[in-house]
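Here is a short briefing on a structure, arranged by topic. Keep the model open while you read.

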Amino acid sequence: MTPAIETHGLTKSFGATLAVDRLDLRVEPGQVFGFLGPNGAGKTTTIRLLLALHHPTAGSARVFGLDSSRDSVAIHARCGYLPGEFELPRRMTGLRVLDWFARARGHVDQRWRDELVERFDVIVDRQIHELSKGNRQKLGIVLAFMHHPELLVLDEPTSGLDPLMQNEFQRLLRETIAEGRTVFLSSHELDEVQRVADRVAIIRAGRLVVTDTVDRLRQRAPQTIELRFATPVAPSVFESLGGVQRVTADGDRITLQTTGQLAQLLRVIADHDPVDVVARHADLDELFLSYYRQAGPGDDR
Amino acid sequence: MTAEITRYDLYNRRRSTVWYAVGMALYMLVIVALYPSFKHSSELNKLTQGNSPLAALFGATGTLTSPAGWMNVNAYANFLPLIILLLTIGYGASAIAGQNEDGMLGLLVVLPLSRRRILAGKTTTMIVQALILDLTVAACVYVGRVFQVTLDPWHVATATLAVLLLGIDFGLIALALGATTGSRSTAIGITSALAAACYLVSSLAPVVHWIRPLRFASLFYWAVGHQPLTNGARPGSFAVLLAVAIAAAIAANTAFRRLDIR
């Protein structure tokens, strides 16, 4: 099956700054693909490259098998886009904005658009400059979804939304996937992504760090083990073990994280007279933060 | 769908377009209404006697008390081109670079429209805005008949078209510079400086000897330098203005295709 999105060695630099570095991505149709990374990692630049807003310095991006630069008009006809930051004409009302974009696209299901307006409680009778950030964001969501696009490219879509609207948005994403359409969801918020995404990619400093299903990443995530011993034990006892990381000691207590085999670790623990052992479930947050932490402070990309 | 781009920008600039037209109409009506008071003024014609550079700087050459001379010195040689250039350069700089800086262009560019068609829509917006202003002035000139401002309608049409083309030329240059640099202020600055230089060269060429050879490089010279209100059409001038417009449009299209959109 033709992937919804496929990139090969996609690279974008702005002068001396390398924003996206040899990115290889593959997004299958009919799934929510979470695109995670800290601020300035290159998420927005990647999105702009996919939609031919930016031109790649090297490599290629294909959407539905079409070249993103050469076939941009055909791709745009099948895509809905919600930018991370966008502005609309200040003196236009929300309704006029929606009407105009519907006419410019040439094919919008009016009833579906009105349903979206109702579901997200979008204020359409006021001018854009009178709307809050959240209300403008809701208008942006309607603009992205109203023409039933096959692929939705969403950059920080729930920014500014209250929890109620975030739930409604997640419901909309699930409906979208149920219809066999694809969502490329960029965010720096793990919670937002892991609730809805089938697959996740993490980008850091313009480079792809990892891409996998959420379940497999969860399996790979470090386990946290809290230990209490009869007498204090030196952390160095555990630090040399394979797969053990982030060992902290506090009196007779030791806390460590491990991604390795447990057998050897348990043998060492047993040798030191443990009085209490608590193992917490795999911490996905910690896994992502460990990927994020490796990043230095980056420029906005 | 290209027409929707035009409608979008026209709608969002409707207030400024209307106020430009209203302001210009009021100015023009005052000018034509004043004509009977000056038509026999010999003092006025003394201004241009002896090829005064100062008078030339304000676009005053030849007889000022004739209807054509009066309208030329008060509108077609200076004020009308200035206002149309304000409109077209301002729009040209904001249409691509400005809207991109403001974060408004991304949502337009992801519509199923080629950038060439988006540019065509924006160029049409520029032409319509300039045309509204230009025709408003022409209508006021027609009303001027009531005040003895009787001009050859063909000459008025010629001057109207020449000023329109001048505005489009500079507007498209601003558009091309904006699409090349991505900066609205750079586009406005460079294009305005270019327009000012062209105006000076064209105005002073008749009276300052060393500037005279430079006049061919001035778009003002090709548009109003030969006083179309008095002398009528000069097809070669239109050809030059049209060629510059086409070249600027091609440059704008090439730059816009390469521009990274926010």
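Two strands count as paired if DSSP finds at least two bridges between them. Strand 12 (residues 244–250) and strand 13 (residues 253–258) of chain A meet that rule, with five bridges in the antiparallel sense. Everything here comes from a predicted model.

**The hairpin of strands 12 and 13**

- Strand 12 of chain A and strand 13 of chain A make a hairpin, with two residues between them.
- Gly251(A) sits in the turn and has a positive phi of about 65°.
- Thr248(A) has Thr255(A), in strand 13 of chain A, as its bridge partner.

**The six-stranded sheet of chain A**

- This sheet is open, with six strands in the order 6-7-8-3-9-10 and mixed pairing.
- Its edges are strand 6 (79–82) and strand 10 (207–213) of chain A, each of which pairs on one side only.
- On average, neighbouring strands of this sheet are turned by 15° against each other, direction ignored.
- Strand 3 (residues 32–36) and strand 8 (residues 182–187) of chain A run parallel and are joined by five bridges.
- Across this pair, Phe33(A) stands opposite Phe184(A) in strand 8 of chain A.
- Helix 1 (residues 43–50) of chain A packs on the sheet and touches strand 3, strand 7 (151–155), strand 8 and strand 9 (199–204) of chain A. The direction of helix 1 makes about 150° with that of strand 7 of chain A.
- Helix 5 (residues 133–145) of chain A also packs on this sheet, touching strand 6 and strand 7 of chain A. The direction of helix 5 makes about 170° with that of strand 6 of chain A.

**The four-stranded sheet of chain A**

- Four strands of chain A form an open, antiparallel sheet in the order 2-1-4-5.
- Strand 2 (17–27) and strand 5 (66–67) of chain A are the edge strands, pairing on one side only.
- Strand 1 (residues 5–14) and strand 4 (residues 58–63) of chain A run antiparallel, with five bridges between them.
- Glu6(A) stands opposite Arg62(A) in strand 4 of chain A.
- Helix 1 of chain A lies across strand 1, strand 2 and strand 4 of chain A. Helix 1 runs at about 65° to strand 2 of chain A.

**Nonpolar cores**

- The largest nonpolar core holds 147 residues. Those with the most contacts inside it include Val142(A), Phe184(A), Val163(B) and Ala252(B).
- Helix 9 (residues 153–181) of chain B gives the most to this core, supplying 16 residues.
- A second, separate core has nine residues, among them Val233(A), Val244(A), Leu256(A) and Leu265(A).
- Which residues does Val142(A) contact, leaving aside its neighbours within four places in sequence? They are Leu98(A), Arg113(A), Leu116(A), Val117(A), Phe120(A) and Val122(A).

**Contact between chains A and B**

- The contact takes 23 residues from chain A and 18 residues from chain B.
- On the side of chain B that touches chain A, helix 1 (2–12) and helix 7 (105–109) of chain B each supply at least two residues.
- The residues on that side of chain B are ten nonpolar, four polar and four charged.

Methods:
Residues are numbered from 1 along each chain as its sequence is written. Chains are lettered from A and ligands numbered from 1 in the order in which they are written. This is a predicted model: local features need pLDDT of at least 70, side-chain atom pairs count only at pLDDT 80 or more; totals for chains, interfaces and linings use all residues. Two residues are in contact if their C-beta atoms, placed from the backbone, lie within 7 Å. Ala, Val, Leu, Ile, Met, Phe, Trp, Tyr, Cys and Pro count as nonpolar, Asp, Glu, Lys and Arg as charged, and the others, Gly among them, as polar. A nonpolar core is a set of buried Ala, Val, Leu, Ile, Met, Phe, Trp, Tyr and Cys residues joined through C-beta atoms within 7 Å. A residue is buried if 20 or more other C-beta atoms lie within 10 Å of its own, exposed if 12 or fewer, and partly exposed in between; C-beta atoms are placed from the backbone. Axes are lines fitted to C-alpha atoms, for helices over the stretch in contact, and angles run from 0 to 180 degrees between N-to-C directions.
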